[in-house]
Amino acid sequence: METKMSTPSPTSVIVLILGAVVIAFVRAIRARSRGQLPPGPPGYPIIGNLFDLTAYMHTVYTGWKEEYGNIIYIKVFAKNIVILNTVEDAIELLDGHGRIHSNRPRMRTLEMMGWTGATTLMPYNSLLRRQRQFIKMVLNDKAVVTNLTPLLERETMTFLRNLRDAPEDFPMHIGRFAVGVVMHVAYGLDIESMDEPVMQYVRRAMGRLVQTGTPGSGKMVDFIPLLQYLPWWATEFTRTAAISRPEVDLMWSVPFNMAREKMAKQGPSHSVVQLMISRLGGVDGNLSLMDAQDIKATGGALYAGGEDTNTVSLLTFFLCATRHREAFRRSQEEIDRVVGPDRLPTFADRENLPFTEAVQSEVWRWSSPPNLGIPHASEEDDFFKGYFIPKGTMIVANLYGMTRACEDPEEFKPERYLGDTPQPNPRNIIFGFGRRICPGRKLADRMIWLAITQITAVFDISSVGDTIPPADFKPGFTRHPMPFKCNITVRPGREALIR
Ligand code: HEM
């Protein structure tokens with residue numbers, strides 16, 4: 001644990017806070033003098049909308065939309081925040097004005113926890129572009145189809161087997177499936193069991209990250225940067241950050257070293273970390289310290305970006321299958337009709353299974369895995385739809401709100417994507433926008449499709465007795481359903497499909 005920070009006196013802390021307050025005030029006056037900011041709820045002098053921040057900002061923003069419209073402005077201390085509530089505005093601003101709005105705000109919460117350098121946190125600079133290029137080489141549409149299909153088929157079969165053998169542990173099997181795919185894609189490592197030592201390191205750091213919640217959802221250090229200089233023992237968060245840093249260091253280093261060793265023995269696999277090591281000249285020890293750190297950070301970001309989002313997607317699928325039996329049965333009937341009982345559905349069947357496709361879409365719309373996009377930041381002043389967006393503004397896409405801009409948003413209705421006037425595809429929302437759009441979206445789409453479709457073909461899923469699990473979710477960056485139970489049984493005549 002790092003304990004070496006010097007301890008500031010109470011006077012210097014007060015001076016630091018007063019300094020931040022004065023800077024906030026001056027910046028606010030300058031911003032207002034340059035143009036009209038978007039509308040938003042009134043805040044208090046100096047602290048702005050601080051008291052509006054909660055762990056459920058997505059529902060707050062969605063409620064504000066009724067009152068203030070599609071583009072909303074709030075301010076917390078010196079930080080300008082613009083919330084985008086519609087897909088059209090998000091595409092126009094984050095994609096159309098992508099040159100200006102592709103940066104990330106400093107996320108000091110995460111930096112203090114040791115995540116500096118991870119793709120997700122990087123400013124839009126040449127190093128970030130290099131990370132994304134390497135990720136793209138492994139996860140572009142064509143590579144995902146040609147190189148990763150055997151991996152997805154293998155991992156899905158393990159998932160089916162685990163569900164058959166211990167159905168009550170379905171949340172654990174979901175986690176294992178997501179880990180199996182992501183560890184392979186990120187590092188080229190095949191994980192047999194969640195008890196492997198490397199997974200202990202990875203899960204410890206991830207557990208703390210997931211608990212931390214949405215960037216910008218209320219940690220004071222994200223709004224008063226000077227607080228980062230508080231001693232490690234001063235607040236609950238500084239203590240958490242101090243514990244997290246060595247954990248993240250291990251999470252990044254241990255699988256990186258394993259990938260490097262494996263590669264030295266077997267040659268490079270189709271994985272981002274191994275590709276980066278080989279292209280940056282590192283198998284035989286020639287990797288510079290900076291490159292090594294950059295590769296570790298990319299691996300860590302891939303794991304963090306891919307594991308939890310996919311776990312949440314599948315937990316939500318099981319929740320929906322339990323709550324909405326008719327939709328699940330209709331999907332089963334479609335698969336039975338198209339594929340028959342004697343084999344598992346494969347990607348070759350995908351275009352002939354429109355209802356099952358619609359189930360996947362509706363799972364992602366009904367509960368967008370991340371409630372909010374990862375914030376973008378503006379590199380320059382900009383004008384958008386008559387509003388002034390000052391340089392440095394944090395721009396948040398309200399994914400939850402966007403997926404609810406439809407008729408009966410709380411209803412689970414896959415039919416909304418079928419027929420003559422289908423509703424827009426949630427895949428154009430939940431993966432974010434512009435130059436920072438999720439680079440793992442094609443992989444996520446295929447891995448979730450295969451898992452959902454094969455599980456539907458093989459298993460019956462139902463409630464335990466008459467208890468229908470509620471649609472309750474934990475707070476946080478991703479939308480985890482509250483723990484729930486369901487019955488999972490192999491359908492009669494389908495036993496032989498699980499090998
Ligand atoms: C259902 C699954 C997933 C969802 C919903 C999702 C969603 C997102 C969103 C909303 C962003 C932010 C985009 C923006 O800034 O506008 C993002 C970024 C990112 N995602 Fe995903 N993601 C998923 C799966 C994956 C997978 C499988 C991987 C890789 C294995 C991955 C890796 C990343 C990375 C590295 C970033 C950061 C990109 C950057 O900052 O430039 N994600 N994802």
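Tutor: Start with a definition. Helices here are DSSP runs of at least four residues, strands are runs of at least two, and both are numbered from the N terminus. Keep in mind that this is a predicted model.

Student: Where does that numbering place cysteine 438?

Tutor: Cysteine 438 sits in the loop between α14 (399–403) and α15 (441–458). The unreviewed UniProt entry annotates Cys438 as "binding site". Such annotations may be inferred rather than shown by experiment.

Student: Why is cysteine 438 called partly exposed?

Tutor: Buried means under 20% relative accessible area, and exposed means over 50%. Cysteine 438 has 25%, so the label is partly exposed.

Student: How many helices and strands does the protein have?

Tutor: The count is 15 helices and eight strands.

Student: What makes the protein as compact as a globular protein of that length?

Tutor: Set the value against the rule. The radius of gyration is 23 Å, and the globule rule gives 23 Å for 499 residues. The C-alpha atoms fill a box of roughly 75 × 60 × 40 Å along the principal axes. By the burial cut-off, 56% of the 499 residues count as buried.

Student: Which strands form the open sheet, and in what order?

Tutor: Four strands form it, in the order β1-β2-β6-β3. The pairing is mixed.

Student: Why do β1 and β3 count as edges?

Tutor: β1 (71–76) and β3 (376–377) each have a single partner strand, so one side of each has no neighbour in the sheet.

Student: How do you know that β3 and β6 pair?

Tutor: Pairing needs at least two bridges. β3 and β6 (residues 394–397) have two bridges, in the antiparallel sense. In one of them, alanine 377 has methionine 394 of β6 as its partner.

Student: What makes the pairing mixed?

Tutor: Strands of a sheet can pair either parallel or antiparallel. β1 and β2 are antiparallel, over six bridges. β2 and β6 are parallel, over four bridges. Both senses occur, and the sheet's pairing is mixed. Among the partners, isoleucine 72 faces isoleucine 83 in β2, while isoleucine 81 stands opposite methionine 394 in β6.

Student: Why is β2 called largely enclosed?

Tutor: Six of its six residues are buried, so the rest of the structure largely encloses β2. Check each face. Lys79, Ile81 and Ile83 are buried on one side, and Asn80, Val82 and Leu84 are buried on the other.

Student: Which helix lies across β1, β2 and β6?

Tutor: Helix α2 (residues 57–68) does, at about 115° to β1. Helix α3 (residues 87–96) also packs on the sheet, touching β1, β2, β3 and β6. Its direction makes about 130° with that of β2.

Student: Which residues of β7 are on the covered face, and which on the uncovered one?

Tutor: In β7 (residues 459–462), Phe459 and Ile461 make up the covered face, and Asp460 and Ser462 the uncovered one. In a regular strand, side chains alternate between the two faces of the sheet. Four bridges join β7 to β8 (residues 487–490), running antiparallel. Aspartate 460 stands opposite threonine 489 in β8.

Notes. Residues numbered from 1 in each chain as written. Predicted model: local features only at pLDDT ≥ 70, side-chain atom pairs only at ≥ 80, totals over all residues. Heavy atoms only, no water. Contact = heavy atoms within 4.5 Å. Axes fitted to C-alpha atoms, helices over the stretch in contact; angles between N-to-C directions. Rg over C-alpha atoms; globule rule 2.2 N^0.38 Å. Buried < 20%, exposed > 50% of the residue type's maximum accessible area, 1.4 Å probe, protein only.
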